[in-house]
Amino acid sequence: MPTSPARLIARLALLFAVVAVPAMAAGASLPLPHVASGRVVRMQEKSRFVPPHTVDVWLPPGYPAQAPYAVLYMFDGQMLFDATQTWNHQSWRAADTATKLIREGRTRPFIIVGIWNAGDRRESEYYPQKVWRSLARVQRERARAMDLKLPTEPYSDAYLRFLVKELKPRIDERFRVAGDAADTAVMGSSMGGLMAMYAISEYPRVFGAAGCLSTHWPGTALKPRAGNPSPDAFVAYLRAHAPAPASHRVYFDHGTATLDAMYAPTQQRVDSLFRARGYTEADFHSLVFPGAAHTEAAWAARLDRPMTFLLPPRVH
């Protein structure tokens, strides 16, 4: 039976949601994203570890009057602020939500550091490298033969070195922020959700909180695949490396439509693992949003949940 044009378009949209957003190099030539409140500062960041990245830093209204600010590092930075500049005309509306939450006192004052992804190398940058290396050779070959093609072997360890050893010190020096782990959070969706999980696990003394939205536990698969080694490998990695409770906050969520419909079985295993490790409602949330799809619009609609959980008002 031939695929209808509407169904083909829907499938392509799912693929682009995980894989393709504009290449990082385009950031230098694009205008700054428009935000209704606050302002955006653009940085072009060179690295010893990875190719250059465009970074958009959002500063809330009144900055720096409420210094020191917490910092929220977010992946897929070109999708965060301005839907007129994104491939699918959607964005997280991150500045709007952050402004409202800070103004209402529901979070501590914070800035957002949006790191543009690496374009056609995004999957290799965001697939957790230690998880990949834990797979047997035949498993890696099987994973690379699935829907999501890795252009190169994953290099996310080098990407995290860029984030921790180069970008964060530059942010700490240039902006009026608190540099401690308790005021430093990381967030992403889909493959970016994997990276947020990986960042707090690899650098628990740097990141005190992580938000993992619609975490793409299938790894390189875009639909259920028999013999997919990635979900078991992610669970095994977290069993060995998940950050300690009490000093960290971890947020997971997913919808039930489109790609998100695949996530529940692995997410439930991850939830059990974190609770067995000692996490409670005070430092661990895992939410399900019935009917929510794998889109920026869906993440924008619930962004207040992870922001308020990860960066609650400071206790004086």
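A nonpolar core is a set of buried Ala, Val, Leu, Ile, Met, Phe, Trp, Tyr and Cys residues joined through side-chain atoms within 4.5 Å; buried means under 20% relative accessible area, exposed over 50%, and partly exposed in between (1.4 Å probe, protein chains only). The model is predicted: local features need pLDDT of at least 70, side-chain atom pairs count only at pLDDT 80 or more, and totals for chains, interfaces and linings use all residues. Residues are numbered from 1 along each chain as its sequence is written, and side-chain values use heavy atoms, with hydrogens and water left out.

**Exercise 1. State which residues of the largest nonpolar core touch the most other members.**

Step 1. The core holds 65 residues, and those with the most contacts to other members are Val 57, Tyr 73, Ile 111, Val 113, Ile 115, Phe 175 and Phe 274.

Step 2. For Tyr 73, contacts (heavy atoms within 4.5 Å) include Val 113, Ile 115, Leu 163 and Phe 207, with residues up to four places away in sequence not counted.

Step 3. Another core, of 32 residues, lies apart from the largest one; among its members are Ile 102 and Ala 209.

**Exercise 2. Describe the order of the eight-stranded sheet and its pairing.**

Step 1. Strands are DSSP runs of E, at least two residues, and helices are runs of H or I, at least four residues, both numbered from the N terminus. Two strands pair if DSSP finds at least two bridges between them.

Step 2. The sheet is open, its pairing is mixed, and its order reads 1-2-4-3-5-6-7-8. Strand 1 (39–45) and strand 8 (284–289) are the edges, each pairing on one side only.

Step 3. Within the sheet, strand 6 (residues 209–213) runs parallel to strand 7 (residues 249–255), with five bridges; Gly 211 has Tyr 251 in strand 7 as its bridge partner.
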